[in-house]
Amino acid sequence: MPAVVAWEVAQECNLACGHCKADAGGTGRSERSGRRELTTDEARTFIDELSTFHPLLILTGGEPLLRKDIDIVIEHAATSGVRAALATNGTLVNEKRAKMLRDAGLTIASISIDGADAQSHDSLRGVSGAYHDALNGAKALKEAGITVQINTTVTNANVASLPRIYDIVRESGASAWHVFALVPTGRGRVTDLISTSDYYETLKWLDERDRNGALPIRPTCAPQYRLKESRKGCLAGLSYVFVTSSGTVQPCGYFPVPVGNIRRTNLSEIWKTSAILASLREPAAFAGACKTCCYSDTCRGCRARALAMNGDYLGDDPYCSGVWQ
């Protein structure tokens, strides 16, 4: 069974990020986003199933705090023995809201910082004031006793600012920095990707910073990171799965290929019987350079990026084959 389940509890969002995989927020999107969400009862049933194998449950969006029953969801997870992590943009969190989340049972949250200052972050996030609100939200959560990690998605617009963002993350007192390599899905565009050379230089730089011990750094959607350490790279379908706001199951949030729906079939059954998930667990099924690569069983390539760039989720990760320059 998956060790991590990410659930898009709400597709509605108060921001309009240029690289949003869910295409959330923005004009007209909020009106339609809540129509097909899992109900509170469906959410409880879903969490009850998760309690049989105890994965980490990531509550994501959109903006999960816009879901009206999010405190009930968090509380039910806590009382069911399912550890829940909240992935929020942080702008809706103040001291009172942070304490409410803590009292509901939340112990860990992530907040995204994508720029080294207000201008760059707000430009990427599409709303003025988002930068300061996010940092204040992180501070409120931390003061409430909730562990906070910072997430950053690397794009052409901010790759040169990573050293300054690193300093901001350290100064915030975050427990870790999770750095996401962009996958061009949703509103993310191919032109937002950094070059292959910048990608590997970034991974090298992150490795050096992580090894100095000042701040734990975890690259995500970057399976080529520390290739020789035999760590598993792409976890989609291997130990990770994504559930949309309407219950559709996907290998990951950047991988918009449905493999079932929890409204019709238990996640456990989908996990065990999906032919697509099964193919992701067999490196022998990979094509192109990823099929013959000596790291195919560990790195595995980013299957979502292969799909987005080449139309074949079993094909080459462009950062492996050098397709993207």
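Leu-57 is in contact (heavy atoms within 4.5 Å) with Val-5, Trp-7, Ile-47, Leu-50, Val-82, Arg-83, Ala-84 and Ala-85, leaving aside its neighbours within four places in sequence. This is a predicted model, in which local features need pLDDT of at least 70, side-chain atom pairs count only at pLDDT 80 or more, and totals for chains, interfaces and linings use all residues. Residues are numbered from 1 along each chain as its sequence is written, and side-chain values use heavy atoms, with hydrogens and water left out.

Leu-57 sits in strand 2, residues 56-60. Helices (H or I, at least four residues) and strands (E, at least two) are DSSP runs, numbered from the N terminus. Leu-57 counts as buried because its relative accessibility is 0%. Buried means under 20% relative accessible area, exposed over 50%, and partly exposed in between, with a 1.4 Å probe and protein chains only. From Leu-57 to Ala-214 the C-alpha distance is 27 Å, across 157 residues of sequence.

Beyond four places in sequence, the contacts of Trp-7 include Leu-38, Phe-46, Leu-59, Val-73 and Val-243. Trp-7 also belongs to the largest nonpolar core, which has 87 residues. Such a core is a set of buried Ala, Val, Leu, Ile, Met, Phe, Trp, Tyr and Cys residues joined through side-chain atoms within 4.5 Å. Trp-7, Leu-59, Leu-141, Trp-177 and Leu-267 touch the most other members of that core. Apart from it lies another core of 7 residues, including Cys-13, Leu-15, Cys-17 and Ala-130.

Now the helix pairs. Helix 2 (residues 40-50) packs with helix 3 (residues 70-79) at about 25°, with axes 10 Å apart. Axes are lines fitted to C-alpha atoms, for helices over the stretch in contact, and angles run from 0 to 180 degrees between N-to-C directions. Helix 2 and helix 3 are therefore roughly parallel. Angles under 35 degrees count as roughly parallel, over 145 as roughly antiparallel, 65 to 115 as roughly perpendicular and the rest as oblique. Thr-40, Ala-43, Arg-44, Ile-47 and Asp-48 of helix 2 meet Ile-72, Val-73, His-76 and Ala-77 of helix 3. By class, this contact of helix 2 with helix 3 has 5 nonpolar, 2 polar and 2 charged residues. Ala, Val, Leu, Ile, Met, Phe, Trp, Tyr, Cys and Pro count as nonpolar, Asp, Glu, Lys and Arg as charged, and the others, Gly among them, as polar.

Helix 5 (residues 118-125) and helix 6 (residues 130-143) cross at roughly 100°, and their axes come within 7 Å. That angle is why the two helices count as roughly perpendicular. Helix 5 brings Ala-118, His-121, Asp-122 and Arg-125 to Ala-130, Tyr-131 and His-132 of helix 6.

Some backbone angles deserve a look. Most residues other than glycine have a negative phi, and most peptide bonds are trans. The bond from Gly-61 to Gly-62 is cis, with omega near 20°. Gly-62 lies in the loop between strand 2 and helix 3. Ser-230 is not a glycine, yet has a positive phi of about 60°. Ser-230 is exposed, at 56% relative accessible area. Arg-300 also has a positive phi, near 70°. Arg-300 counts as buried, at 3% relative accessibility.
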